Amino acid sequence: MASEYSYVRTDFLGESPPPARETGAIKWMRENLFSGWLNTILTVLAIYFVVWLVVGVWPWFANGVWDADNLAECRAILDGATGACFAVLSDRWTQMLFGIAYPADGFWRPTLAFILLFPSVAPALFAQYVPRKFLIATALYPFLAYWLIWGGTIMIPIVTLIGLIAAYFAFIRLERASGFFMGLVGGVVAAAIIWYLGGFVTDAMSGFLALPEVASRDMGGFMLNMILGVVCVSLSLPLGIVLALGRQSSMPIIKGICVIFIEFIRGVPLITLLFVANVVLAYFFPPGTNLDLILRVIIMITMFSAAYIAEVIRGGLAALPKGQYEAGDSLGLNYSQAMRLIILPQALKISIPGIVNVAVGLFKDTTLVSVISMFDLVGVIRGPILSSTDWTGVYWEAFGFAALLFFVICYGISQYSQWLERQLQTDHR
Amino acid sequence: MAQTQMKVSDEVAIQINQMNKWYGTFHVLRDVNLTVNRGERIVICGPSGSGKSTLIRCINRLEEHQAGDIIVDGTELSSDLKNIDKIRSEVGMCFQHFNLFPHLTILENCTLAPIWVRKTPKKEAEETAMHFLEKVKIPDQAMKYPGQLSGGQQQRVAIARSLCMKPRIMLFDEPTSALDPEMIKEVLDTMIELAEEGMTMLCVTHEMGFARQVANRVIFMDQGQIVEQNEPEEFFNNPQSERTQLFLSQIIGH
């Protein structure tokens, strides 16, 4: 007996196109801006606020004075009208960018280094679109940039580079023959020998392709922020990875060292570390050693951000299913292969927002060096510019310019990271 | 009789003697003894928590055993990392949740281990990978990512990925239990084909049809011990222990 629920489908429905989306500016506005009484009021208020802001600020920009020798002259030109005194920028922009002591005839050197930065990091940042062999430019850039900015004979960075290459090959050879530790010792010894012998070479050839030397204490302005930011971010990422892996290690001593390092550094304010770098660190070195101040600051900031990055990456590692580790193991990959090829690519991808967060924060935190009397961008503004009789009181213009410079770089980093995340999206396509 | 005739050699592939394992104080595996000859197809079944997965995971050292010894292909499993890596590259494994690498394409999933562990040239590894992907009938998906494939396809990729290492032994840890009913068959067909080629296989599974068709031995485990083992025909038609009878009545009864 056929039940009343009995049903058999005989014809299957074909695919039909989705309904056409209703479009039109008026429809969009009605849906998004004026969909109700409350929304309409909020929209009107918001528009009023924006207009009020623009109307208020616009004369300040439009009447801005770009050509004057001091604040008093600015005020005389403005003659009571609202207006900015951008003349401080046209008068002191070289100080803001390069610091107060960098020789003026050498400004092209950091500028060139800055321009070369972009093609040099491109092979690393856009690895999918740039052939791998261009990574050599990324590797050589730090040495070239050092030579351009600090000057001296080009033999110094070349000898440093040769020493590192020698250390690398010594490490590879000895590690294969007699293990990781011997490789490490061999690498250090090889580098030390090359650098010791290289010392005589640089002394003998001190005039070879030499640029006028600039001392570290003469570095300043936004250039100093860029140096600290770029160097510390690129050093703290690998160090952070090592610390994160060390914290997950099954070897208790390595794990202990990493945990103590991370917890200690994270528990201390960066300012404290910078004061340590400035004053206290000297007591830890043998008398007579004079470690460059910028180098000391780089060490401290790198350690600081590496500790944070390590924790971000640890979060990424913890988010991976255990099956990924087991799959790597079951295929016979050893620890370093499994980490490099399977675990880290995925963990780092998850960690990108967190890493970028730390990197942007670190870049802005480089302004803290103004506290230990280094004349970075903020230090230059606070010190030589605002305390000069000519420009006392031009806070908005000077700090606005500083904010703009930092915003451009940080917004760029943020946009890059979002692009990178989209590129690496492979799971839900 | 459904069972195909496949030859089993006298050569020993896996030898497990008096193996014991604890998770903390919980005694998971108790005095397990098992000898597997080359070419044998063994199905391991039992209630959940009986230690069957742990047993096969001990064979490639995903779990560490605390007493007794395991000898795989003449190499004893100890804490020596060289031995472990050697055994792992000879023993393939498929997991319940496939564990494909989501950031790599299907082809890269298959060539990764051959290139890095076996040092096979990339081109050759890709040819091998395509050969095995054809074998599991999904060569056209090679350039996709795992997330774009169905569960059954992913598990077949996982099998192909293991096969690319040319393993001498294959372990299957509940390969079909995370799959929709319609996809189970495509995975089982792949496994049957593999068995017919003479691969030494240990499968933890509840697919009794598969056990009847290809296994030459069925092992029943409970409470960390091997309770009963026999040829499939005898095992299903004439189970000896009460526990086995109860288990079989429960899984076949409905």
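Which residue takes a positive phi in the hairpin of β1(B) and β2(B)?

1. Hairpin in chain B. The residue is Gly24(B), with a positive phi near 65°. Two residues lie between the strands of this hairpin. The model is predicted, and that applies to every point below. Strand β1 (residues 12–23) and strand β2 (residues 26–37) of chain B run antiparallel. Eight bridges join them. Val12(B) stands opposite Asn37(B) in β2(B).

2. Contact between the chains. Chain A brings 21 residues to the contact and chain B brings 24. About 2000 Å² is buried between chain A and chain B, and carbon and sulfur atoms give 60% of that area. On the chain A side, Ser330(A), Leu331(A) and Thr426(A) lose the most area to chain B. Together they make up 29% of what that side buries.

3. Salt bridges. The count between chain A and chain B is two. The side chains of Asp329(A) and Arg88(B) meet in a salt bridge, at 4.0 Å from N to O.

4. Asn334(A). This residue sits in the loop between α12 (322–330) and α13 (335–365) of chain A. Its relative accessibility is 31%, so Asn334(A) counts as partly exposed. The C-alpha atoms of Asn334(A) and Phe171(A) are separated by 19 Å, with the two residues 163 apart along the chain.

5. Nonpolar surface patch. Tyr48(A), Phe49(A), Val50(A), Trp52(A), Leu53(A), Val54(A), Val57(A), Trp58(A) and Phe61(A) form a nonpolar patch on the surface. Their accessible area together is about 990 Å². Tyr48(A) lies in helix α2 (residues 37–62) of chain A. Tyr48(A) counts as exposed because its relative accessibility is 56%, and the cut-off is over 50%.

Definitions and conventions:
Residues are numbered from 1 along each chain as its sequence is written. Chains are lettered from A and ligands numbered from 1 in the order in which they are written. This is a predicted model: local features need pLDDT of at least 70, side-chain atom pairs count only at pLDDT 80 or more; totals for chains, interfaces and linings use all residues. Side-chain values use heavy atoms; hydrogens and water are left out. Patches are made of residues with over 30% relative accessible area and no salt bridge: like charges are joined within 9 Å, nonpolar side chains (Val, Leu, Ile, Met, Phe, Trp, Tyr) within 5 Å. Accessible areas come from the Shrake-Rupley method with a 1.4 Å probe; for residues, only the protein chains shown count as cover. Helices (H or I, at least four residues) and strands (E, at least two) are DSSP runs, numbered from the N terminus. Buried means under 20% relative accessible area, exposed over 50%, partly exposed in between (1.4 Å probe, protein chains only). Two strands pair if DSSP finds at least two bridges between them. Contact means heavy atoms within 4.5 Å. Buried area is the accessible area (1.4 Å probe) that two parts lose on being put together, summed over both.
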